[in-house]
Amino acid sequence: MTVDSAGDGDRHRAARYGVGSADSSYTYQTWDYFKQLQNLTSLPIILKGIMTVEDAQLAYDNGVKAIILSNHGARQLDGAPSSLETALEIHAEAPELFKQMEIYADGGVRYGSDVLKLLALGVKAVGLGRSFMYANCYGTEGVAKAISILKREISIDAANLGVGDLKKIDPSYVKWENNNWWSWRMDELWCGFDSVYILRRRVVYSLSSSALWDFS
Ligand SMILES: Cc1cc2nc3c(=O)[nH]c(=O)nc-3n(C[C@H](O)[C@H](O)[C@H](O)COP(=O)(O)O)c2cc1C
């Protein structure tokens with residue numbers, strides 16, 4: 001259930017080409033409404049579009065089993081934080097949430113190292129939107145190729161970072177330094193990651209095992 005687009009997205013670049021958005025009216029969402037929906041199914045309803053530690057906490061307090069940190073691919077609100085920044089805020093202020101509920105993230109994930117930064121904070125899985133949308137221009141083959149490129153990047157980046165088992169990655173692998181650009185101008189091509197989050201290579205794996213890097 002998307003919770004980050006109560007109104008139409010203000011997309012200046014798209015507007016220049018006369019392209020609009022599917023949202024034509026405002027959406028009114030409340031925790032009571034969420035509970036009504038959740039009561040209709042035994043499947044967990046996941047909230048997509050969480051952008052603050054407060055909302056992550058509220059979601060947990062209201063019985064939500066999983067959330068997706070997302071700013072709608074930076075298509076809704078200029079200046080909104082990237083999912084990495086939100087993950088960082090949760091890491092700083094309520095890190096226990098990463099254990100109490102499943103936290104996923106999407107937006108601006110383009111390279112293996114983007115994936116590793118999110119996983120390092122405790123994010124369970126990441127999503128990619130446009131990468132697969134563009135890959136799909138080449139059909140199944142294109143999507144399969146995008147997956148294989150990303151898989152390889154995750155493997156080699158993890159190896160170079162000193163991570164032998166993705167399940168064992170933790171926050172110590174990244175130097176979480178803020179560049180004081182808490183948010184910046186975002187458009188639909190760029191919505192998230194800044195090199196200020198420096199990966200810290202740690203030599204904690206056995207050099208002998210090449211099978212170690214097969215994360216499939
Ligand atoms: C063309 C397009 C349409 C989208 N429509 C929706 C939507 O209807 N609901 C929604 O929750 N997110 C929507 N999104 C956002 C994606 O679900 C996802 O959060 C975002 O694309 C992730 O960022 P990325 O494209 O940088 O990977 C859309 C994204 C794109 C590119």
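**Figure 1. Which pattern does the chain follow, read along the sequence?** Here the chain follows α-α-β-α-β-α-α-β-α-β-α-α-β-β, with 8 helices and 6 strands. Helices (H or I, at least four residues) and strands (E, at least two) are DSSP runs, numbered from the N terminus. This is a predicted model: local features need pLDDT of at least 70, side-chain atom pairs count only at pLDDT 80 or more, and totals for chains, interfaces and linings use all residues. Residues are numbered from 1 along each chain as its sequence is written. Of the 216 residues of the chain, 28% count as buried; a residue is buried if 20 or more other C-beta atoms lie within 10 Å of its own, exposed if 12 or fewer, and partly exposed in between, with C-beta atoms placed from the backbone.

**Figure 2. Four strands make an open sheet with parallel pairing.** Let's follow the order E1-E2-E3-E4. Strand E1 (47-50) and strand E4 (125-127) are at the edges, each with a single partner strand, so one side of each has no neighbour in the sheet. On average, neighbouring strands of this sheet are turned by 30 degrees against each other, direction ignored; axes are lines fitted to C-alpha atoms, for helices over the stretch in contact, and angles run from 0 to 180 degrees between N-to-C directions. Two strands pair if DSSP finds at least two bridges between them. E1 pairs with strand E2 (residues 66-69) over 3 bridges, E2 is joined to E3 by 4 bridges, and E3 to E4 by 3 bridges.

Figure 3. Two residues are in contact if their C-beta atoms, placed from the backbone, lie within 7 Å. Further along, isoleucine 67 stands opposite isoleucine 103 in E3, and tyrosine 104 has alanine 125 in E4 as its bridge partner.

**Figure 4. The largest nonpolar core has 34 residues.** A nonpolar core is a set of buried Ala, Val, Leu, Ile, Met, Phe, Trp, Tyr and Cys residues joined through C-beta atoms within 7 Å. Among the residues with the most contacts inside this core are Ile50, Ile67 and Ala87. Helix H6 (112-121) is one of the elements that supply at least two residues each, and H6 gives the most, with 6 residues. Take a closer look at isoleucine 67: leaving out residues up to four places away in sequence, its contacts include Ile46, Ala56 and Met101.

Figure 5. Histidine 72 counts as buried because it has 20 C-beta neighbours inside 10 Å, while alanine 74 is buried with 25 other C-beta atoms within 10 Å.

**Figure 6. The ligand is surrounded by 15 residues.** The closest are Thr2, Gly73, Gly107, Gly129 and Arg130; a residue is near a molecule if its C-beta atom, placed from the backbone, lies within 6 Å of it. Helix H7 (residues 130-135) gives the most to this shell, with 3 residues. The shell divides into 4 nonpolar, 8 polar and 3 charged residues. Here Ala, Val, Leu, Ile, Met, Phe, Trp, Tyr, Cys and Pro count as nonpolar, Asp, Glu, Lys and Arg as charged, and the others, Gly among them, as polar.
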